[in-house]
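Subject: Structure for your review

Dear colleague,

Please find the structure below, together with its sequence.

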Amino acid sequence: MTREEIGEAIVEIIEDIVPDEDCSGLNPDEALRDQLELDSMDFLDIVMELRKKYGVEVPEADYPKLATLKSCIDYLEPQLADK
Amino acid sequence: MKAKSERIVITGVGVASPNGNSLAEFRANLLAGVSGVQPYHIRYFGDTHAGICNFDPQKCQKRKEIRVGTRAGSISVYCANEALADAGLRMADLDPTRVGVFVGLTEHGNVETENEVYELSKYDYDVKYWTHHHNARTVANSPAGEVTINLGITGPHYTVGAACAAGNLGCVNGLQQLLLGEVDVAIAGGVSESIHTFGIFAAFNSQNALATNADSTKASRPFDKARNGIVVSEGGTLFTLERLSDALARGAKIYGEITGYCYNSDATDMVLPNPERQAECMLRAIARAGLEPKDIDLVNTHATGTPAGDVMECRALRQVFGDAIERVYVNNTKSFIGHCMGAAGALELAGNLPSFTDGIIHPTINVDDLDPDCALPRLLIGQPRQVDKVDTILNNSFGMVGINCVLIVSRCRP
């Protein structure tokens with residue numbers, strides 16, 4: 001997956017998790033939780049969907065690396081590059 | 001503690017029925033003979049019949065609330081919002097610490113557990129794919145708790161597990177909390193989401209107690225010779241209950257007064273009902289209301305359409321009413337909507353409350369060939385009837401493992 005595809009995949013997951021939110025035009029450098037009504041339980045859902053859809057494991061220690069859209073892409077790129 | 005002489009009245013009704021998303025729609029369909037039972041297919045079990053609600057959850061909930069919560073929660077939230085609005089109450093005007101939510105349930109958590117196990121099957125049953133939502137969704141207070149979150153209610157909430165007597169027992173709990181002075185407004189009744197679990201259909205089928213019929217709308221047929229079991233349905237009814245003094249002070253519309261109630265246990269069998277205990281429950285409820293059987297105008301039966309259960313309830317009714325059985329009208333709401341399980345008592349009561357004002361009794365449908373063992377003299381079959389007056393309704397609800405709950409609701413005379 002390219003960085004663009006990874007970004008789209010993440011946004012698609014978030015859209016399902018917070019369906020009342022407008023996920024278009026997210027600032028990739030701003031914390032997702034500052035832009036969306038996204039709580040810690042939603043965050044666990046994101047981790048679960050990454051596991052289910054892409055086989056990616058995100059250990060709890062790495063959760064801070066998913067803070068922004070850009071940091072998500074940075075973190076996931078090595079794991080999803082050949083998917 | 002408040003004085004026990006306080007009287008408790010129904011000031012709002014929130015209904016999610018397989019044949020109506022409001023009391024007005026539900027009542028109109030009961031008078032017009034419109035069934036809410038449809039063909040239904042569920043995973044593993046296959047084709048059957050069910051009463052299915054089609055209210056719009058998004059009327060009261062955000063999409064995320066619906067995703068994170070439960071179907072029982074959505075039904076509860078819908079009914080609670082409707083019940084408050086119908087009572088002319090807004091949370092913004094109420095002290096949220098003085099409002100309570102008391103929801104009767106037949107069971108809870110089976111739907112979520114079955115769904116999650118099914119989901120897990122796609123991942124070779126590796127439990128690392130099990131959702132973290134499972135516990136919050138399946139704790140027994142969840143449907144009532146979802147109401148408090150939705151409406152910002154900070155008073156007490158709990159659910160009442162009482163099998164198919166739960167709707168009535170939920171009402172009793174609301175009444176008791178008002179009498180105890182724990183709350184000033186009780187949102188109380190029952191809900192059921194059971195049609196979303198295959199297990200309930202499969203279990204009734206294994207028990208030879210699941211209704212079969214070529215026509216879904218004819219499948220629920222209490223008192224008919226050809227009845228062959230239960231139609232499982234979903235639904236809910238929550239009432240706004242208040243102390244009469246409060247209701248009068250604010251000039252509230254009053255549907256009726258809960259004048260009597262009783263809940264007891266058969267102590268005999270896991271499944272089979274006990275007409276002796278049913279009769280005892282009815283008599284104690286009537287006595288608590290300060291009435292005699294001859295004072296009851298309408299009995300809304302629990303009868304579910306099982307061959308044995310309907311006969312036993314009729315036997316209990318004959319025992320309770322004696323000669324007065326000749327004058328008391330008897331009807332059945334499940335013949336329209338199937339068995340809404342934990343919602344049944346409250347929902348069926350709701351469908352009959354308008355009789356106090358319109359003087360009409362809704363019939364029992366699908367009785368083409370009356371079982372002589374169920375031939376109560378004034379069992380109303382086929383068509384609604386305008387009567388002189390309905391002042392007092394006795395509402396029966398009985399459940400598995402031998403739990404009975406009877407409500408007496410009367411025209412309110414302040």
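Predicted model: local features only at pLDDT ≥ 70, side-chain atom pairs only at ≥ 80, totals over all residues.

Helix α7 of chain B covers residues 166–179, which is 14 residues. From its first C-alpha to its last it reaches 20 Å, close to the 20 Å expected at 1.5 Å a residue. Of the 14 residues of α7(B), 12 are buried, so the helix is largely enclosed by the rest of the structure. The buried residues are B:A166, B:G167, B:N168, B:L169, B:G170, B:C171, B:V172, B:N173, B:G174, B:L175, B:Q177 and B:L178. After α7(B) comes B:G181, which has a positive phi, near 80 degrees.

Chain B contains 14 helices and 15 strands. Its radius of gyration is 20 Å, close to the 22 Å that the globule rule gives for 414 residues, so chain B is as compact as a globular protein of that length. Along the principal axes, the C-alpha trace of chain B spans about 65 × 50 × 40 Å. Buried residues account for 57% of the 414 residues in chain B. Of the contacts in chain B between residues at least 6 apart in sequence, 80% join residues at least 24 apart.

The domain assignment divides chain B into domain 1 (8–249) and domain 2 (261–409). The C-alpha centres of these two domains of chain B lie 21 Å apart. Their contact takes 56 residues from domain 1 of chain B and 51 residues from domain 2 of chain B. On the domain 1 side, the elements of chain B that give two or more residues are β1 (8–16), α1 (23–32), β3 (46–51), β4 (99–105), α7, β6 (185–192), β7 (232–233) and β8 (235–243). The helix described at the outset returns here: α7(B) supplies seven residues, the largest share of the side of domain 1 of chain B that touches domain 2 of chain B. By class, that side of domain 1 has 28 nonpolar, 21 polar and seven charged residues.

In soluble globular proteins, nonpolar side chains tend to be buried together. In this model the largest nonpolar core has 118 residues, and those with the most contacts inside it are B:A80, B:A165, B:I187 and B:A285. Helix α3 of chain B (residues 71–86) gives the most to this core, with eight residues. Both domain 1 (8–249) and domain 2 (261–409) of chain B contribute at least three residues to this core.

Which residues does B:I187 contact, its neighbours within four places in sequence left aside? They are B:A80, B:A83, B:L84, B:V99, B:V101, B:V147, B:L238 and B:T240. A second, separate core has 16 residues, including A:I10, A:V18, A:I46 and A:L50.

Chain A has four helices and zero strands, and from the N terminus on its elements run α-α-α-α. The radius of gyration of chain A is 12 Å, close to the 12 Å that the globule rule gives for 83 residues, so chain A is as compact as a globular protein of that length. Its C-alpha atoms fill a box of roughly 30 × 25 × 20 Å along the principal axes. Of the 83 residues in chain A, 22% are buried. Among contacts in chain A with a separation of 6 or more, residues 24 or more positions apart account for 55%.

The contact between the chains takes seven residues from chain B and eight residues from chain A. On the side of chain B that touches chain A, there are one nonpolar, two polar and four charged residues.

Two residues with positive phi

Most residues other than glycine have a negative phi. B:N208, a residue other than glycine, has a positive phi near 60 degrees. B:N208 lies in the loop between α8 (198–206) and β7 of chain B. With 10 other C-beta atoms within 10 Å, B:N208 is exposed.

B:N366 is also a residue other than glycine with a positive phi, in this case near 70 degrees. B:N366 is found in the loop between β12 (360–361) and β13 (385–386) of chain B. Is B:N366 buried or exposed? B:N366 is buried, with 27 other C-beta atoms within 10 Å.

With kind regards

How values were computed
Residues numbered from 1 in each chain as written. Chains lettered and ligands numbered in written order. Expected span 1.5 Å × (residues − 1). Buried ≥ 20, exposed ≤ 12 C-beta atoms within 10 Å, placed from the backbone. Contact = placed C-beta atoms within 7 Å. Nonpolar A, V, L, I, M, F, W, Y, C, P; charged D, E, K, R; others polar. Rg over C-alpha atoms; globule rule 2.2 N^0.38 Å. Core = buried A, V, L, I, M, F, W, Y, C linked by C-beta atoms within 7 Å. Domains from an automatic or database assignment.
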